[in-house]
Amino acid sequence: MRITIFNLSARLSSDGSRLIAALLKRDKHSVTSIYTARSEPLYYSSAELASLDGILKQSDLVMIGVYSIYAARAAQITEFVHSRYPGLKVIWGGPHCISAPELSIRYADGVCFSEGDEAVVDLVRRMESGNDYLNTPNMAFSLNGKLLQNNVLAPFSDLDGLPYYDYELEDQFFLDKDLVPMTKEIFRQHISLYPYNKPTLYVLTARGCPHNCSYCNNCRYTALFEHNPIRIQSAGRIMDELEQTLRCLDFVEFIGFGDDDFFARSIDELDDFAREYKRRVGLPFGIAVSANSFQKKKIEVLLDSGLKIVQMGVQSGSERILHDVFQRKINLSKTKDVIRQIAAYHDPHKLDLLLDFIIDNPYEFRDDVIKTFNCILDLPPQVRLNIFFLSFFPGTPIYERALADGIIEPFDNESFRFYGRGQIRYQKNFETFLVLLAVYLRGKSNKSISRDFLRLLGNHPVRTLASLLPDSVYTSLGSAIK
């Protein structure tokens, strides 16, 4: 079959659609991939959509990788295909479909609601041969206006047997105002990313997450499988793929491993990885870890092989928020201890630590916010911070809770709201302003305001006085320093 795959992610690497393309190519199908890699504007113009005609009129099937943040864009493309090419079916997959298949099937002809490694190839074979495909495992369809959700396959375990992610640029296109062939230069421009602004290749070498956080769609895998098992590629397989990919993308300067918890590996597995990576790749790299799996031996195994940044989620300085709202089973005291240990490697090994925090949460009290503020003040000065405003992604427990509590409205494409956001919405108060101020000052090389003064601002009498000012003051101040 001739298949067109749309990738709506803001990233050009480490995306599931590249793996789906590789799986379909291995099964002897012709695949054309279209990448957008833009955040705004959300919708495409008529001219942009019309530029797709040359590819779509040659297609037997369309697939779209859908993230909740771009679900409206996926719906627009789907409606364009259906109106322009009646009978051409559109299949959705990706995080939004895993979290909320019932929302996705409003637009798509079929939805992959679990892992697609076996399901997508099976689906296409059935469709090509003319066989009944409506009972394909891991797929959902609309039947007489109702969701038909088929049985779920066991978690895919043979990660070493997967094909390499598809980086064959000659069958890939980039859409932004014009539809143009993908080139190395376009690719390079769109992967020079934070925190180092160097061309960064993100890769996934494991699946599964040890956590079941209420705001993350990983919890959907737990619901599907009754657990979310960690599955890891072997070191040799990782290096084989990296070597081939880097021959295609010879401008890459940094590798970002996107595994949920790189330290889910044993010390022996990390030792194998470090030895092979240093010998065969050698580029600086970064990993994401969990405080629960941290061991000093694990990080020291990697230091000599190119490890330059470790990312870890803290999310809140309030134990109540972590446990009762976010459902993160990590003690804050454990996290703080791990932060101190990792931060100590900064000077001798030039190792950066990047911590994630989630703020502007409607389930926080002001005392919860001030605990996050104090937590940030206590961090070693060399630590970097990522600040995210809480997003409610469909299908997650916190989305359902906020929906039931009337905090958010049901998903509706006509009144689509960005799930990712950069403005205060729920906690328009002095305490949230202090958090943003503390983060802003940490990012300045000249820290003219001391921690002692910031702590004074966080004292209860000052907070009481500050609460007399209208919310709009703190919304404006927060926007000014964000």
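I took a polar contact to be a pair of N or O atoms within 3.5 Å, where, within protein, one must be able to donate a hydrogen and the other to accept it. I kept in mind that this is a predicted model.

**Entry on His29**

With that cut-off I looked up His29, and I found that its side chain reaches the backbone nitrogen of Met1 at 3.0 Å. I located His29 in the loop between α1 (16-26) and β2 (30-35).

**Entry on α16 and α18**

Next I turned to helix α16 (residues 366-377) and helix α18 (residues 430-442), which pack with their axes 8 Å apart at an angle of about 15°. I therefore recorded α16 as roughly parallel to α18, since angles under 35 degrees count as such. The residues making this contact include Val369, Ile370 and Phe373 of α16 and Leu434, Val435 and Ala438 of α18. By class I noted nine nonpolar, two polar and three charged residues in the contact of α16 with α18.

**Entry on α10 and α11**

Last I looked at helix α10 (residues 235-248) and helix α11 (residues 267-280), whose axes cross at roughly 25° and come within 9 Å. That angle makes α10 roughly parallel to α11. Among the residues in contact I wrote down Ile238, Met239 and Leu242 of α10, together with Phe273 and Tyr277 of α11. I noted that the contact of α10 with α11 has six nonpolar, one polar and five charged residues.

Notes
Residues numbered from 1 in each chain as written. Predicted model: local features only at pLDDT ≥ 70, side-chain atom pairs only at ≥ 80, totals over all residues. Heavy atoms only, no water. Helix = DSSP H or I, 4+ residues; strand = E, 2+ residues; numbered from the N terminus. Axes fitted to C-alpha atoms, helices over the stretch in contact; angles between N-to-C directions. Parallel < 35°, antiparallel > 145°, perpendicular 65-115°, else oblique. Contact = heavy atoms within 4.5 Å. Nonpolar A, V, L, I, M, F, W, Y, C, P; charged D, E, K, R; others polar.
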